[in-house]
Amino acid sequence: MDNKLYIWQMIKEAVKNLGGRTTYSEIRNYIRDNHGEVNESSINYQIVVCTVNHPSRIHYPENKKPRAANSRYDFLFTTGRGQVELYDPEKHGRWEICKNEYGKLTVAQAEIEDLPDVETAESTEQEQELSFPIESHLRNFIAQNIGVIRVDGETVKLCIEYPTDVGRIDVLAVDKEGSFVVFETKLSRGSDKAMGQISRYMGWVKIKLAGNKRVKGVIVAKRTDENLKYAVSVIPNISLFEYELNFKIREVSIGEKKGNKK
């Protein structure tokens, strides 16, 4: 019965019956006790294949094409080395296999943007052209300009991206007082759904990292809608920022042009 078509089903059964959160070794023991001897390497292989946030899953045939995490091979989430739990999109965020800016397959948390409403659907060609094409560019922009960004009047130092049990923080920073600052980035419109995301990350940072230190949140978007502004107005420690891109075209001087010589 050592067939990968069935091993993923055994793994799913094992994790469910082990309380929804377990380890690789406990999965192997469960399968051996309930289904007989199964090649351990095959079990480990299928665990990686079925773990939505495992970076090595793209190296296996089941995951060689871009797709959202909604197939039979997308039911585990790694919480640490050799540890997994059942994947819950509401808890862990939505993950996908996609191509990065270099055309290479990668595992990433999907950005689920709101569908535009009538009022905000219309944007000028200039706005579209001056938006960041991919989210990593916006994160890098924040990193490169961190010296001029002030949250509650304080400058911050930062790291780009920070993995957590509840999803990936886009940018995690610390100000000079030791307070943690969680950045949630949106390429286009920031809606009030961003409040749920950033609140989840802030709660994780408070419990896992901050202790007695404050945790602040910053939502950065091309523009923010009224619903988000109302939500932020009653939530302490969360700020809104909008980014704006500008460019200039100027002629490069290369000396006297041909034909102008005397």
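**Contacts across the chain**

I looked up contact separation first. Among contacts in the protein chain with a separation of 6 or more, 55% join residues 24 or more positions apart. Contact here means heavy atoms within 4.5 Å.

I noted the ground rules. This is a predicted model, where local features need pLDDT of at least 70, side-chain atom pairs count only at pLDDT 80 or more, and totals for chains, interfaces and linings use all residues. Residues are numbered from 1 along each chain as its sequence is written, and side-chain values use heavy atoms, with hydrogens and water left out.

**Overall make-up**

I found 9 helices and 14 strands in the protein chain. Both are DSSP runs numbered from the N terminus: helices are H or I with at least four residues, strands are E with at least two. The protein chain has 262 residues, and 42% of them are buried. Buried means under 20% relative accessible area, exposed over 50%, and partly exposed in between (1.4 Å probe, protein chains only).

I turned to α3, residues 40-49. Its buried residues are I43, Y45, Q46, I47, V48 and V49. N39 caps the N-terminal end of α3, with a side-chain oxygen 2.9 Å from the backbone nitrogen of S41.

Next I checked how α3 packs. Two packed helices are described by the angle between their axes and the distance between the axes. Helix α2 (residues 24-35) packs against α3 at about 125°, and the axes are 10 Å apart. The angle makes α2 oblique to α3. Oblique covers what is left after roughly parallel (under 35 degrees), roughly antiparallel (over 145) and roughly perpendicular (65 to 115). Axes are lines fitted to C-alpha atoms, for helices over the stretch in contact, and angles run from 0 to 180 degrees between N-to-C directions.

Which residues make the contact? From α2 I listed Y24, I27, R28 and I31; from α3, E40, I43, N44, I47 and V48. They divide into 6 nonpolar, 1 polar and 2 charged. Ala, Val, Leu, Ile, Met, Phe, Trp, Tyr, Cys and Pro count as nonpolar, Asp, Glu, Lys and Arg as charged, and the others, Gly among them, as polar.

**E184**

I found E184 in strand β10, residues 180-185. Is E184 buried or exposed? E184 is buried, at a relative accessible area of 1%. Its side chain makes a polar contact with the side chain of K186 at 3.3 Å. A polar contact is a pair of N or O atoms within 3.5 Å; within protein, one must be able to donate a hydrogen and the other to accept it, and residues adjacent in sequence count only if both atoms are side-chain atoms.

**N237**

I ended in the loop between α9 (226-233) and β14 (238-242), where N237 is found. N237 has a positive phi of about 70° although it is not a glycine. N237 is partly exposed, with a relative accessible area of 32%.
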